Structures are given as structure tokens and as C-alpha cells.
Amino acid sequence: MHIRTVTTVALLFCSISLSAQNTPRDSSLHSRPRKEQPVYLPKKWPHVVYGTLFGPACGIGVNYDTRFNGKRTGWGMRVGASIVPRYEETWYSHKRVPAGRTIRDSTITHGFSVPDRPTLFGGINYVFALPDPDRNCLEVGGGMTYMFGDSLWFEEGASDRTTLGWLSIGGRRHFINKHFIFRIGAMLMFSSNQVTPNMDTGFGYCF
């Protein structure tokens with residue numbers, strides 16, 4: 001009787017052990033959590049404030065740029081103000097002056113001078129997303145510049161006020177945590193009597 005009891009207990013213990021080994025474990029309790037793959041989302045930061053040299057400023061200025069859709073790319077605008085360097089213009093004319101019985105030529109010097117003067121500019125632009133829009137973008141746009149005085153390079157002849165139209169194309173490069181921006185491009189300036197190529201550069205901060 002004692003041997004039967006021991007045998008029965010041993011068989012029961014083996015059955016419980018085999019059953020426990022065959023029971024599938026809950027993977028959610030023992031497996032490590034999966035590390036999700038990062039999803040690329042371009043930073044928004046649609047506003048840019050940057051200093052500009054040449055371009056629509058026609059000198060040294062500050063520029064504010066923003067997108068209408070609240071993103072980094074798409075339709076937007078740029079406005080700004082600048083200071084244009086002093087402009088001096090000199091020309092000569094000749095006049096025949098009688099001197100006794102002879103007539104001689106006299107040279108007359110004329111001068112026109114405009115001190116440092118402010119300039120306002122603004123326009124509409126579109127920023128295209130390149131393969132990595134969080135780092136590189138392409139910008140095209142157009143607008144107008146109003147200058148309180150004569151233009152230095154973009155119009156022939158002296159005037160009290162100058163209005164210029166412009167078309168531009170350039171690249172944007174974002175760096176240092178993508179908050180800073182460097183941009184460089186080319187543009188055409190349209191005055192009342194000529195078209196002049198110009199360079200458009202800038203460096204600033206995105207937010």
C-alpha cells in the first residue's frame with residue numbers, strides 16, 4: 001500500500017511538471033518593450049528674423065519672414081527695413097566764355113549728394129521642401145522696394161524717391177539644432193529705366 005501511494009504521488013508530480021512546461025508564457029509579461037522607430041517630422045518654426053545684405057534692402061537691413069500655414073515650407077511673406085549708404089554723383093559740363101577778343105572753354109562741375117537714407121521693402125515668397133526640409137529649402141519670390149532717395153546702382157538719374165520691383169531665387173540652410181538659418185540667392189531689380197542683377201544674402205534665427 002505504501003509503494004502504491006508513493007508511485008501515485010510521483011506520477012502526479014511529473015504530470016504537473018510537464019503541464020507547466022507546455023503552458024505558453026505570456027509574452028507581454030516577460031518580453032522587453034520594443035523600441036519604436038523614430039518618425040521624421042520636419043520642425044515647424046515658421047518665423048525667421050535675419051539680417052540681410054544687399055537684396056531687396058539695397059544695403060544693410062533686417063528682415064522678417066513667415067509662412068501662412070504655420071510650417072517651415074509653403075506660401076509666405078517677407079518684410080523689412082534697411083539703410084542705404086551715402087550716394088554722391090558728380091558730372092561736368094563745358095561752356096564757352098568770352099575773354100576779351102578770345103573765347104575760351106570753361107568746365108563747370110555739378111554735384112548731387114544724398115546722405116544715409118532708410119529703405120522699406122516687402123514681398124510674397126514660396127519655400128519648397130527639398131529631400132531634407134528640416135535642413136535645406138529653396139525659396140522663390142517677388143516684391144517691391146521703396147527708397148527715400150536716389151538709388152545707388154539700380155536706376156540712372158537723380159530723384160527724390162525710388163521704387164524698385166524685384167524677383168528672387170535662393171537657398172536656405174538650417175543648422176545648429178536647425179534654429180539658425182543662412183540664405184543666399186540671386187535677384188533681378190527692376191527700375192523705371194533698367195534691370196540690374198543683385199545678390200541676396202542673410203543670416204538669422206528661426207522660431
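These legends accompany several close-up views of a predicted model. Local features need pLDDT of at least 70 and side-chain atom pairs count only at pLDDT 80 or more, while totals for chains, interfaces and linings use all residues. Residues are numbered from 1 along each chain as its sequence is written, and side-chain values use heavy atoms, with hydrogens and water left out.

View 1. A nonpolar core is a set of buried Ala, Val, Leu, Ile, Met, Phe, Trp, Tyr and Cys residues joined through side-chain atoms within 4.5 Å; buried means under 20% relative accessible area, exposed over 50%, and partly exposed in between (1.4 Å probe, protein chains only). Strands (E, at least two residues) are DSSP runs, numbered from the N terminus.

**View 2. An edge-to-face pair.** Tryptophan 75 and tyrosine 126 sit 5.0 Å centre to centre, with 75° between the planes. Rings of Phe, Tyr and Trp (its six-membered ring) pair if their centres lie within 6.5 Å; planes under 30 degrees apart count as stacked, over 60 as edge-to-face and the rest as tilted. Tryptophan 75 is in strand S3 (residues 74-84) and tyrosine 126 in strand S6 (residues 117-129), so the pair ties together parts 51 residues apart in sequence. Tryptophan 75 is exposed at 52% relative accessibility, whereas tyrosine 126 is partly exposed at 25%.

**View 3. A stacked pair within a cluster.** Phenylalanine 180 and phenylalanine 203 are 6.2 Å apart centre to centre, with 20° between the planes. Phe175, Phe180, Phe203 and Tyr205 form one aromatic cluster.

Note on methods: Helices (H or I, at least four residues) and strands (E, at least two) are DSSP runs, numbered from the N terminus.
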